[in-house]
Amino acid sequence: MANLNLPNLPNLPNPPTPPDSINSPNSPNSPKISGPRPAPPSEPVRTIGPVRLTGAKETLLATLHGRALDCRARRPILGDTMALDAARRLDYDFARLRIGPGGAAAVALRARQLDLWTARFLGEHPDATVVHLGCGLDTRVHRLGPGPGVRWFDVDFPEVIDLRRQLFPEPPGYTAIPSSVTDPSWVDRIPTDRPTMIVAEGLLMYLTERDGTALLRRLMAHAPGGGLAFDFFSRFAVRAARLNTVIVRTGSTLHWGGGPADVARLRPGLEIVETFGALEIPDIARLPARYRAPARLANLIPGIREMYRLYNCRF
């Protein structure tokens with residue numbers, strides 16, 4: 001399943017330079033993240049495409065474009081060089097998605113936070129299993145550079161996995177599973193002998209509540225225990241999807257939304273370790289001062305503050 005552009009933040013100028021790791025001023029003990037470092041090209045770039053994805057699948061191109069735009073910024077938030085290289089290679093009209101600096105910053109902030117939570121889990125469990133649901137063209141496995149003891153599974157539609165294989169190398173311990181995430185048959189391929197980190201970025205809102213709930217419960221029942229990190233829209237945000245340019249231009253449809261109480265009901269004993277809204281992401285404080293005030297004001301409006309949240313859970 002594809003990724004989704006975040007609800008619009010104000011257009012943002014180039015953000016401050018990030019440190020060498022994912023550490024932020026608010027997270028002094030955050031784990032280190034190596035980041036993707038592709039080798040310099042030794043031959044002319046080969047164009048891939050034309051890329052013909054539609055609906056929710058097409059939104060993965062929006063998040064790829066957002067990360068690429070962030071990487072081109074003078075002082076990027078995420079600095080995903082592999083995303084920039086991939087976007088250059090694809091035969092696709094990214095301009096039609098109309099993603100500006102604000103949307104690119106929002107995509108980068110979301111990815112950075114989910115990277116941080118995943119890296120923390122791997123720091124605690126260096127022999128863990130990671131299941132990345134609806135991976136799209138995300139380079140998380142390359143950004144994190146998990147150690148040799150980690151088994152990493154990316155899951156997405158067959159045509160998406162085929163595109164990934166043309167763009168990105170597959171590191172040791174990595175397995176791509178070409179399947180709809182809602183097909184229960186692929187879950188048997190996931191080992192059950194290690195703590196498991198489940199990550200879903202820009203996915204759950206595209207699923208129906210029935211399918212999304214079944215998917216997460218199935219995975220948590222299959223694993224011996226672990227973590228669950230994801231982003232989630234409110235019901236109001238799902239209804240307001242017609243205001244999201246990427247959703248409109250890709251012809252996508254959102255279905256599932258909710259809040260912390262809905263998340264807590266996913267599984268008995270599920271613990272929400274950390275959650276905050278899009279305007280409360282710790283790294284948003286790294287943006288230039290003149291953009292912090294509008295964000296703080298928007299955060300005072302309950303309907304806006306709760307439109308979109310990120311969750312880090314333990315099960």
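Q: How many residues does helix H6 have, and how far does it reach?
A: This is a predicted model. In it, H6 covers residues 209–222, which is 14 residues. The helix reaches 20 Å from its first C-alpha to its last, close to the 20 Å expected at 1.5 Å a residue.

Q: Which residues of H6 are buried?
A: Gly-212, Thr-213, Leu-215, Leu-216, Leu-219 and Met-220. Seen down the helix axis, the buried residues of H6 fall within an arc of 160 degrees, so they line one face.

Q: And which exposed residues sit on the face turned away from that buried side?
A: Arg-210 and Ala-221.

Q: What do the buried residues of H6 pack against?
A: Strands E1 (129–133), E4 (196–200) and E5 (226–233). H6 lies across those strands and runs at about 170 degrees to E1.

Q: Switching to the sheet. What is the strand order?
A: E3-E2-E1-E4-E5-E7-E6. That is an open sheet of 7 strands with mixed pairing.

Q: Which strands stand at the edges?
A: E3 (174–178) and E6 (271–277). Each has a single partner strand, so one side of each is left without a neighbour in the sheet. The twist averages 15 degrees from one strand to the next.

Q: In what sense do E1 and E2 pair?
A: Parallel, over 5 bridges, with E2 spanning residues 151–156. Val-130 stands opposite Trp-152 in E2.

Q: What does helix H5 touch on the sheet?
A: E2 and E3. H5 covers residues 158–167, and its direction makes about 145 degrees with that of E3.

Methods
Residues are numbered from 1 along each chain as its sequence is written. This is a predicted model: local features need pLDDT of at least 70, side-chain atom pairs count only at pLDDT 80 or more; totals for chains, interfaces and linings use all residues. Side-chain values use heavy atoms; hydrogens and water are left out. Helices (H or I, at least four residues) and strands (E, at least two) are DSSP runs, numbered from the N terminus. The expected span of a helix is 1.5 Å times one less than its number of residues. Buried means under 20% relative accessible area, exposed over 50%, partly exposed in between (1.4 Å probe, protein chains only). The arc is that of the directions from the helix axis to the C-beta atoms. Contact means heavy atoms within 4.5 Å. Two strands pair if DSSP finds at least two bridges between them. Axes are lines fitted to C-alpha atoms, for helices over the stretch in contact, and angles run from 0 to 180 degrees between N-to-C directions.
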